[in-house]
Amino acid sequence: MKSGSLFTPPPPPDELDKFYAEVIEPDVRLSTGGKGADRRSDKLGLGAGVVVSVASVLWFTGLPAWLYGPVFVVGAALVLGAIQLRMGGSGMTAAEIRDSVVKHLANYCELEYVKLPDREAIVERFADAGAIAWTPISRHEDLCYGSQGSVEFEFVQIIGGVIPSRSGVKWLGLPIEKLSERYTVDGLLVRFTLSRPFGTSLTVSNDRRLADRDNKDFEICELLTPHTGDEAFDDDFRIVDEWTEEAREILTTGLTQALRRASKNLGPMIFHIDGSTAWVHVWVVGDMYELTSLGSALKNQSRRISAIMSTPRELAQAIGQL
């Protein structure tokens, strides 16, 4: 049987598929904890009636289709939304759905989860990374923490954007005055607490916003190619400041492979280690945690969030082997 045939059976469900089917989906689709689903459905239905009536009048008067066609489309969308609310059995808003999914996946990934509505708590908790400045599009922050072997870690998931505050001195080892205004901390910010300190500070990154490699005039920081022996890592990542023997001892094959996997799965990143603390900031690319649908997209979005939330543990395992 040829690969890709219509008769090729789908792969068996993995553990995450089972968790989604048994825990996440029933909670979202069947939950009665939300409020106002019927009222919202009634309002959508009323709006649909008005819109369709207007479109019908335009049609009966003989106006061209380009005038009443879009109105019919809007009416159909409102009808579909009303039906979805009625049949979905869930009164959750999109934000409530997202929070529910994140909470369940934190449990799946064996993490402690805390919803942090107070941004000042985040600023204070992660102050040793650098000063954070919020932007108008910043929204949705979650705190998770756990441990892997001797390494403890905690991370915050951010949707929208924040930038390192200009009142600070450095951000993850990078001088603030050399960072551009477009440099944000979207996605994932992780702090790892190691069991022993390292006597050197090291920052590596494959974030193209730090430098235009084809034009040194646009380089924000002085970046050098590391020589770890991992050719794929050396081709993609750059080290800030200088390449030393101490840096070679930190960037072992296990760690470089873990950083490459995380970057491939999520997006560009910075890895910074100083003493007994290590940091990873990932600029997550693509649809992160903003759940836009109650339909088939929810499963893929849940898998994406799971990949983000499981990354800190995978990195902690590599860091713990240093």
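These questions and answers cover charged side chains in a predicted model.

Local features need pLDDT of at least 70 and side-chain atom pairs count only at pLDDT 80 or more, while totals for chains, interfaces and linings use all residues. Residues are numbered from 1 along each chain as its sequence is written, and side-chain values use heavy atoms, with hydrogens and water left out.

Visitor: How many salt bridges does a search of the whole structure find?
Guide: A salt bridge here is a side-chain nitrogen of Lys or Arg within 4 Å of a carboxyl oxygen of Asp or Glu. On that rule, the search of the whole structure gives a count of ten.

Visitor: Which helix holds both lysine 18 and glutamate 15?
Guide: Their side chains form a salt bridge at 3.9 Å, N to O. The two residues are three apart, about one turn of the helix. Helices are DSSP runs (H or I, at least four residues), and strands are too (E, at least two), numbered from the N terminus. The pair lies in helix 1, residues 15-30.

Visitor: Is glutamate 15 buried or exposed?
Guide: Buried means under 20% relative accessible area, exposed over 50%, and partly exposed in between (1.4 Å probe, protein chains only). Glutamate 15 has a relative accessible area of 53%. Therefore glutamate 15 is exposed.

Visitor: How many residues apart are arginine 303 and aspartate 17?
Guide: These side chains meet in a salt bridge of 2.7 Å, N to O. The pair links distant parts of the chain: arginine 303 is in helix 9 (residues 297-319) and aspartate 17 in helix 1. Their separation is 286 residues.

Visitor: Which strand holds arginine 191?
Guide: Glutamate 154 and arginine 191 form a salt bridge at 2.2 Å, N to O. Glutamate 154 sits in strand 4 (residues 151-159), 37 residues from its partner. Both residues are buried. Arginine 191 lies in strand 8, residues 187-205.

Visitor: Where is aspartate 241 found?
Guide: Aspartate 241 has 52% relative accessibility, so aspartate 241 counts as exposed. Aspartate 241 is in the loop between strand 10 (238-240) and helix 7 (245-250).
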